[in-house]
Amino acid sequence: MCMDGSRMDNAGRGTVGLNRRQFCKSGMLALAGLALPSRALASLSGLRPPERRLSFYHTHTGEALDCATYWANGTPQPDGLTDIYHILRDHRCNQVAEIDLRLLDQLVMLNRTLGNEEPLHIISGFRSEETNAYLRKKSQGGGVARRSLHMDGRAIDIRIPGIATETLRDAAL
């Protein structure tokens, strides 16, 4: 399931609207940090608040992170980043990795576009190679890339309760 609240069938396809692969292809690459190179993001700096914070709820672990500030006074904030890296870790093996700041900035912009102040519900953050291989084997329908951007801290699957998949997709685009 990629950034929506719909249920999945046993093959990993959404039961309503777009299936996972269609949804991801239709616009989530923007959230994976591919659609906007660094220079383009820099030109959008007026859209990003000088202090940037995010809130998360992890759907698999039940953990919550409230308003972690990862950027302030023109610099990354180590404490906030540490908290974000921890909640976005591979919960299957407890492996923590750095998450691309551009991805976090895109989540801030997504929240702003949607007027969302609620925690983003994490379905999948960072994935280790082992977890990615396991999920790829389990999916059997090609729903998990061999070299997923999740493994590089450059992708996240989220949903926002109360916001339709199509609305989330359009805002991300």
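The following dialogue examines how terms are applied to one predicted protein model.

Mentor: This is a predicted model in which local features need pLDDT of at least 70 and side-chain atom pairs count only at pLDDT 80 or more, while totals for chains, interfaces and linings use all residues. Residues are numbered from 1 along each chain as its sequence is written, and side-chain values use heavy atoms, with hydrogens and water left out.

Trainee: How many helices and strands does the protein have, and in what order do the elements run?

Mentor: There are six helices and five strands, where a helix is a DSSP run of H or I with at least four residues and a strand a run of E with at least two, numbered from the N terminus. From the N terminus on, the order is α-α-β-β-β-α-α-β-α-β-α.

Trainee: What makes helix 4 oblique to helix 6?

Mentor: The axes of helix 4 (residues 101-114) and helix 6 (residues 165-172) come within 9 Å and cross at roughly 120°. Axes are lines fitted to C-alpha atoms, for helices over the stretch in contact, and angles run from 0 to 180 degrees between N-to-C directions. Angles under 35 degrees count as roughly parallel, over 145 as roughly antiparallel, 65 to 115 as roughly perpendicular and the rest as oblique. The crossing angle of roughly 120° therefore makes helix 4 oblique to helix 6.

Trainee: Which residues of helix 4 and helix 6 meet, and how are they classed?

Mentor: L110, T113 and L114 in helix 4 meet T167, L168, A171 and A172 in helix 6; contact means heavy atoms within 4.5 Å. By class, this contact has five nonpolar, two polar and no charged residues. Ala, Val, Leu, Ile, Met, Phe, Trp, Tyr, Cys and Pro count as nonpolar, Asp, Glu, Lys and Arg as charged, and the others, Gly among them, as polar.

Trainee: Why does H121 count as buried?

Mentor: Buried means under 20% relative accessible area, exposed over 50%, and partly exposed in between, with a 1.4 Å probe and protein chains only. H121 has a relative accessibility of 17% and therefore counts as buried. H121 lies in strand 4 (residues 120-124). Leaving aside neighbours within four places in sequence, its contacts are Y57, T59, D157, I158, R159 and P161. H121 and I158 are 37 residues apart in sequence and 5.3 Å apart in space, C-alpha to C-alpha.

Trainee: How do you know that I160 is buried?

Mentor: The relative accessible area of I160 is 2%, so I160 is buried. I160 is found in the loop between strand 5 (157-159) and helix 6. Not counting residues up to four places away in sequence, I160 touches N111, L114, N116, L120 and L168. L114 and L168 also belong to the contact of helix 4 with helix 6.

Trainee: Why is C67 called partly exposed, and why is N73 called exposed?

Mentor: C67 has a relative accessible area of 41% and is therefore partly exposed, whereas N73, with 77%, is exposed. C67 lies in strand 2 (residues 64-72), and N73 in the loop between strand 2 and strand 3 (75-76).

Trainee: What phi values do C67 and N73 have?

Mentor: C67 has a positive phi of about 50° although it is not a glycine. N73, likewise not a glycine, has a positive phi of about 55°.

Trainee: What share of the whole protein counts as buried?

Mentor: Of the 173 residues, 45% count as buried.
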